[in-house]
Amino acid sequence: MTGPAIDRARVLHIAKLSALSLHESEIDQLANDLNAIVKYVDELGEVDLSQVPPTTQVQFEASKWRADEVVSGLTHEQALAASPQVEHGGFAVPVFVEGAS
Amino acid sequence: MIESFHIAELASNVQAGKLSASEVAKDVISRIERHNGRLHALLHAEPDRILAQARAIDEKRARGEVLGPLAGVPVAIKDAICTEGETTTAGSKILSGYAPPYDATVIARLRGADAILTGKANMDEFAMGSSTENSGYGPTKNPWDETRTPGGSSGGSAVAVAARIALGALGSDTGGSIRQPASLTGTVGVKPTYGRVSRYGLIAFASSLDQIGPFATDIRGSARLLEVIAGHDPHDATSLNVPTASYEAACGATIKGLRIGIPEEYFADGLSDDVARSVRAALAKLESEGCVLRPIKLPHTRYAVATYYVIATAEASSNLARFDGVRYGLRAPAQSLAELYGATRDAGFGKEVKRRILLGTFVLSAGYYDAYYLRAQKMRTLIRRDFDAAFAEVDVVASPTAPTTAFRLGEKANDPLAMYLSDIYTLPASLAGVPALSVPCERGQDGLPVGLQLVAPALQESKLFTIASAIENHYAPTFPPEVR
């Protein structure tokens with residue numbers, strides 16, 4: 001398995017998927033770092049894994065249903081207490097007009 | 001004063017009224033004042049809160065109530081664990097000043113056992129790192145040599161204990177973040193079985209790996225702490241509904257006839273001679289006391305780092321999506337919703353966190369999922385099977401915890417891959433979900449602490465405590481002279 005080169009364009013693409021803004025000055029360094037790590041990770045291709053099932057979790061006991069009981073959670077005020085902006089009893093974000101030219 | 005106690009003795013003294021919790025609290029505050037500015041183990045510590053907790057414990061005793069198993073014991077808390085009304089940042093600027101509305105389950109259990117919470121311990125941002133240098137608030141220094149790191153990511157917790165600012169601490173271990181700093185600071189660090197301890201209130205990094213565990217000055221103290229925090233919690237669907245053993249009773253039990261597996265893959269290239277010598281000397285002592293040493297193979301060890309950095313970053317990229325500037329934490333000014341998210345996350349996340357979010361997003365992205373994420377999950381199966389096969393022959397696996405003693409601040413800061421490789425011995429047990437601990441053995445020729453790692457089958461933490469206490473009998477817990 002040869003790893004794909006992670007170039008500037010790919011860094012910007014995955015940054016967009018990650019909802020991360022990047023500074024111009026850090027893009028090349030990130031591409032270098034990610035390339036080095038992905039190249040290292042490519043060693044996973046050395047082993048034939050075609051007949052091996054994936055491990056998705058390592059819980060040593062089957063999950064059980066819990067009783068369907070109503071219990072108190074956070075109050076309205078507690079839930080909102082750490083929000084950067086609260087309006088009309090809810091989380092507020094700035095008003096944006098998306099797609100406006 | 002507190003530096004002359006371990007957890008069990010201090011609790012006995014407070015329970016018996018020979019020492020008040022308030023006296024302990026005053027000493028803790030004085031030790032924070034003397035040492036924390038230099039070492040930067042704690043990010044947030046409030047003397048008033050420390051004193052108030054101690055007063056409540058003393059009043060409880062004055063009313064004739066029986067005090068809990070951690071009576072008056074000072075415990076530091078990794079800053080990734082939520083404490084109600086008290087700043088909790090996970091070492092990140094994006095959570096600067098954040099005060100959670102509730103206590104994590106482990107915090108409620110410590111309070112219920114009458115511990116004194118001393119404050120929040122420094123860490124690599126969102127637990128992503130192996131040196132505590134990735135903290136958004138500056139690094140923690142190793143009290144054995146302040147030019148060196150204490151390891152990470154729970155470096156602040158380890159140093160709080162190593163410098164006797166606290167006698168115990170909670171950390172979280174995703175790939176070695178309790179065991180590796182314990183090894184580098186001469187403390188005991190325990191990663192319990194996945195699911196043994198509730199994670200309700202732990203700020204998530206990689207959910208199939210994260211586990212909370214204790215640090216302590218001695219083995220018995222770490223066993224007592226685990227007994228307090230372990231057990232089922234309906235708030236955490238991954239917490240196991242199985243009985244908790246008496247780990248403290250397992251300390252000092254006979255080790256005669258126990259079979260200890262020595263994986264040859266762990267004594268290979270990259271292991272420093274100093275560390276190898278100390279670990280082999282400790283193993284020879286166990287053998288002379290009746291343990292059976294047996295060479296074993298864990299053949300997929302060499303793929304653990306690659307496997308881990310795919311799985312952990314994939315999970316992190318999803319877990320950290322919640323930090324978007326809307327419900328809590330930092331919000332950057334923006335002209336559009338996309339910019340609100342992007343700018344907030346750019347301003348709030350450090351370099352390593354961004355690198356891991358990008359890597360995790362990449363390995364999950366269309367066209368690369370099968371080649372990276374799925375492959376890593378399959379390799380995880382082989383790493384688990386390695387342990388299954390080993391535990392058919394031996395009771396525990398023993399190895400060095402880390403390949404070297406504490407490395408210098410800045411030494412690996414600009415080489416992410418070199419930093420990742422410092423977790424080579426701790427990652428496999430994390431991927432397999434099995435319990436492991438690090439116990440100090442003989443210090444290296446450089447005078448720095450060396451940790452020996454023991455790994456047991458799932459839910460068999462007791463075996464770890466039994467063998468570790470036999471090791472501790474030869475290497476009395478100690479702390480650096482500078483913090484006396």
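A residue is called buried here when its relative accessible area is under 20%. A salt bridge requires a side-chain nitrogen of Lys or Arg within 4 Å of a carboxyl oxygen of Asp or Glu. Both terms are applied below to a predicted model.

Asp218(B) is located in the loop that runs between β6 (211–216) and α7 (219–229) of chain B. A polar atom of its side chain lies 2.9 Å from the backbone nitrogen of Gly221(B). When residues up to four places away in sequence are left out, Asp218(B) touches His6(B), Ile7(B), Val188(B), Glu472(B) and Pro477(B).

The interface between the two chains was examined next. Contact is made by 55 residues of chain A and 67 residues of chain B. About 5,300 Å² is buried between chain A and chain B, and carbon and sulfur atoms give 68% of this area. On the side of chain A, the residues that lose the most area to chain B are Leu44(A), Val58(A) and Phe60(A), which together account for 12% of what that side buries.

For residues at pLDDT 80 or more, 22 residue pairs are in polar contact between chain A and chain B. Helices α1 (8–17) and α2 (24–41) of chain A each supply at least two residues of the side that touches chain B. The largest share of that side, 9 residues, comes from α2(A). By residue class, the side of chain A that touches chain B consists of 32 nonpolar, 13 polar and 10 charged residues.

Side chains of opposite charge can pair when their charged atoms come close. Over all chains the structure holds 26 salt bridges, and the count between chain A and chain B is 3. One salt bridge between the chains is formed by the side chains of Glu46(A) and Arg302(B), with an N to O distance of 3.3 Å. The side chains of Lys354(B) and Glu26(A) also meet in a salt bridge, at 3.1 Å from N to O. Lys354(B) lies in helix α12 (residues 351–364) of chain B and Glu26(A) in helix α2 of chain A, so this pair joins two chains. Lys354(B) and Glu26(A) are both buried.

Helix α12 of chain B also contains Arg356(B) and Glu352(B), which are 4 residues apart and therefore separated by about one helical turn. Arg356(B) forms a salt bridge with Glu352(B), and the closest N and O atoms are 2.6 Å apart. Arg356(B) and Glu352(B) are both buried. These two residues belong to a network of salt bridges that links Asp33(A), Glu352(B), Arg355(B) and Arg356(B).

A further salt bridge within chain B is formed by the side chains of Glu46(B) and Arg49(B), at 3.1 Å from N to O. Glu46(B) has a relative accessibility of 35% and therefore counts as partly exposed. Arg49(B), at 31% relative accessibility, likewise counts as partly exposed.

Conventions
Residues are numbered from 1 along each chain as its sequence is written. Chains are lettered from A and ligands numbered from 1 in the order in which they are written. This is a predicted model: local features need pLDDT of at least 70, side-chain atom pairs count only at pLDDT 80 or more; totals for chains, interfaces and linings use all residues. Side-chain values use heavy atoms; hydrogens and water are left out. Contact means heavy atoms within 4.5 Å. Buried area is the accessible area (1.4 Å probe) that two parts lose on being put together, summed over both. A polar contact is a pair of N or O atoms within 3.5 Å; within protein, one must be able to donate a hydrogen and the other to accept it, and residues adjacent in sequence count only if both atoms are side-chain atoms. Ala, Val, Leu, Ile, Met, Phe, Trp, Tyr, Cys and Pro count as nonpolar, Asp, Glu, Lys and Arg as charged, and the others, Gly among them, as polar. Buried means under 20% relative accessible area, exposed over 50%, partly exposed in between (1.4 Å probe, protein chains only).
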